[in-house]
Amino acid sequence: MIATPDANARWRRMFLILGGILVAYALLAPLTSLEAAQSANVPLLADRLWFRIATYIAMFIVLASAWNIIGGIAGYAAFGNVAFFGIGAYTTGMLIAKAKWPFLAALPLAPVVAAAFAAVVGLPLLRLRGHYFAVASLGVGVAVGELVQNIDYAGQPVFGGATGLFLPIYSIENRGLFFFYLMVLAAALAVAVTWLVLRSRFGYGLIAIRENEEAAAVIGVNTTAYKVAAFTLAAALTGLTGGIFSQWNVFINQDNTFPIEYNVQMILMALLGGTGTVFGPAAGAVLLQLLIQFLGGTLPISFEIPFVSENARPIVAQVILGVLLVVVVLFVPRGVIEFFGGRARFSLAYLRRSLRETSL
Amino acid sequence: MRVRTSALFAVTVLMVACGGQATTGESTGSTIVLGAPLGLTGSLTKESTLTQQGYNLWQDWINQRGGVVVNGVKHKVTIKYYDDTSNANQSAVLMQKLITEDHANFLLGPYGSAATATDAAIAEQNQIPMVEANGAAQAIFNQGYKYTFGVLSPANKYLEGVIDMAATLTPKPSTVAMLSADDNFSLEVANAINDYAPTKSMKIVLFKKYKNGATNLTAEVQAAKALNPDILLNSGHLTEAIAINKAAKEQKLNAKIFAYSVGPSTPDFITALSKDANYVYDGSQWTPQVKYAPAFYLSVADYVAAYKTKYPGIGDPDYHVAESTAACLALQRAIENASSLDPKKVRDALAALDVTVFFGRLKFDQRGINTYKPMVVEQIQNGAHHTVYPSDVADAQPMYPTPAWDQR
């Protein structure tokens, strides 16, 4: 496994080119489904199933990247980020379904409300550390979902209750494409924000908190303000995707906007890709979400697990997923980005240098 | 190692992307593909399995006959299932896969209101008709969707049959006490009665909500007892129905009709209350005793027999199975009426459908839900379920009025 610096550089170049091609393909292929492209006889490279899965992937890039800000950079293992997703979804959902706001007017409020909520609960919550913080944040995640389903006013459920909330289907040409690119924009925003944070005084403060909170306080970092800011920033990004999800999925209820498994998945994605890095959570989101969809049987490529009947497949798939994650945590503890990219952190300077080297 | 892993990653991504290549155009093959995501694992396994049984019963029958006849040509039917692990989000992705990858001509519904709601939006966006049998929440049908059709009676009809029946009895009951759990489904049932009973000149003397899952309902029954209603209605679940019946006996609340939305139809109700379960009414989507005159497919008796042959040892088919088969029948007749496999034409044929099968009348209102099939009323008579209303499908007369507790 020991590679010479030269081999490392060559490998990094290959990885970058390959990644670039894949990203370009993922972003451009959906355009072939446009009517103009179809009438010009461009081969169809991506269909609606593809959009749906790709939109989920983009969504998880945001969730994992947002978690990375509080969990990876600041080192606070937040287990309740799904609360922000749900709050964002219900903010946009309520404004559209009940107040009849247009989607694009309702969407910006999703991150605002989620961030405001994070600031309020963050102040007391972020006084806790380690396991205590993890458990408390998980509690918040669960509690908010229950509240949303059970709050009544004058005998009527305020947020749609157990029935859930229906949004009108957003009428726009190429709806699937629209939400795909919207989610991709959110993903790009999340990665860009992470990059900015890591390059700012704010980011160094968060890293200082992660490495040693007392020492950080001693050298003049306002730890409370920094932590709450990181938590709020994560909440805003998560809430934004929740808002997009609500209109994309048309129907929201407690189950699909506060799923506990999202909490776990977003953290695993960040771990898998590499916590504290810019592109790690995004890479982890792509890999893990593809794996989940593959094992769930939604991808066009089917597979057979020997000795396992068709009916038991989803259960076996879960087991495989679990084992795989254990293996990853054991053998690739610093994430695939670190694993593939060598010792250097995946920085933009590095990206620029590599691009210079590879382009003629 | 590194190269191999990354190559695997690249191949996976590319395969996903390329797999997206789909041939467009009409399915000219002779097989009609129907798609249904079901929760074959997870929390909804039991009901989803019953749903699948209902779908499969029809699939066997139609393929034995050579298939669905479209313009004189017989088309075999394949129902493609995916396991959504009882997860509504997964159900939506699989529904899209059924449409895009498996080229499903038409869709059958998943199990449960949440998955049905999510999938209805997918059907609508892809303009492929979906006939569903297991999502009774009216909210699904109030969205202006044009491609979703539900064969079952909506929640608000659950106890209206009891009121209809009561109006035909002598001496005619005139006062109703309505108790309801505070969950959405129960409230939808109860609120409908609040509006409906007065139209049959019955007065709601009490409308009382209690916490969903309550086990002690003495206070609620006491409040009802004080008003001495002719009819005691409960909209809730099994445990609450049992608690109310026990409290009614203790406090000697002697109503002429005791009717509970959900609970009495299960064997557990009779086991828990034994003799005290007698005379109790409930509303049901379907019972194995109903007598409808089917325009096609099996009679009720033949249906029950066919079920017992294919799935021996588990008793009569319950209403989940029957309504799921009915969804297939609605789709079959609509395809035949449309003389086409074109989704839009079949949608229009579904909207215009009006046919009676073993499950009852299949006709959809403007929203796409079957408000034309009545709920049947069951009564427990001498420890057995009997269908007592509507009288043309019933196998027994209602035992009315219910005798006082000390005279049983």
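A nonpolar core is a set of buried Ala, Val, Leu, Ile, Met, Phe, Trp, Tyr and Cys residues joined through C-beta atoms within 7 Å. Buried here means that 20 or more other C-beta atoms, placed from the backbone, lie within 10 Å of a residue's own; with 12 or fewer the residue is exposed, and in between partly exposed. The model you are looking at is predicted, so local features need pLDDT of at least 70 and side-chain atom pairs count only at pLDDT 80 or more, while totals for chains, interfaces and linings use all residues. Residues are numbered from 1 along each chain as its sequence is written, with chains lettered from A and ligands numbered from 1 in the order in which they are written.

The largest nonpolar core holds 235 residues, and Ala230(A), Leu107(B), Leu233(B) and Ala330(B) touch the most other members. Its largest share, 19 residues, comes from helix H3 (residues 48–73) of chain A; helices (H or I, at least four residues) and strands (E, at least two) are DSSP runs, numbered from the N terminus. Domain 1 (30–153 + 291–363) and domain 2 (157–284 + 375–407) of chain B both give residues to this core, so it lies between them. The domain bounds come from an automatic or database domain assignment.

Now for where the chains meet. In contact are 43 residues of chain A and 39 residues of chain B, contact meaning that C-beta atoms, placed from the backbone, lie within 7 Å. On the chain A side, H1(A) gives the largest share, 6 residues. That side has 28 nonpolar, 10 polar and 5 charged residues, where Ala, Val, Leu, Ile, Met, Phe, Trp, Tyr, Cys and Pro count as nonpolar, Asp, Glu, Lys and Arg as charged, and the others, Gly among them, as polar.

Chain B also has an open, mixed sheet of 6 strands in the order S2-S3-S1-S4-S5-S6; two strands pair if DSSP finds at least two bridges between them. Strand S2 (68–70) and strand S6 (148–150) of chain B each have a single partner strand, so one side of each is left without a neighbour in the sheet. Strand S1 (residues 31–38) and strand S4 (residues 106–108) of chain B run parallel, joined by 2 bridges. Gly35(B) stands opposite Leu107(B) in S4(B), and Leu107(B) is one of the core residues named above.

How values were computed: Contact = placed C-beta atoms within 7 Å.
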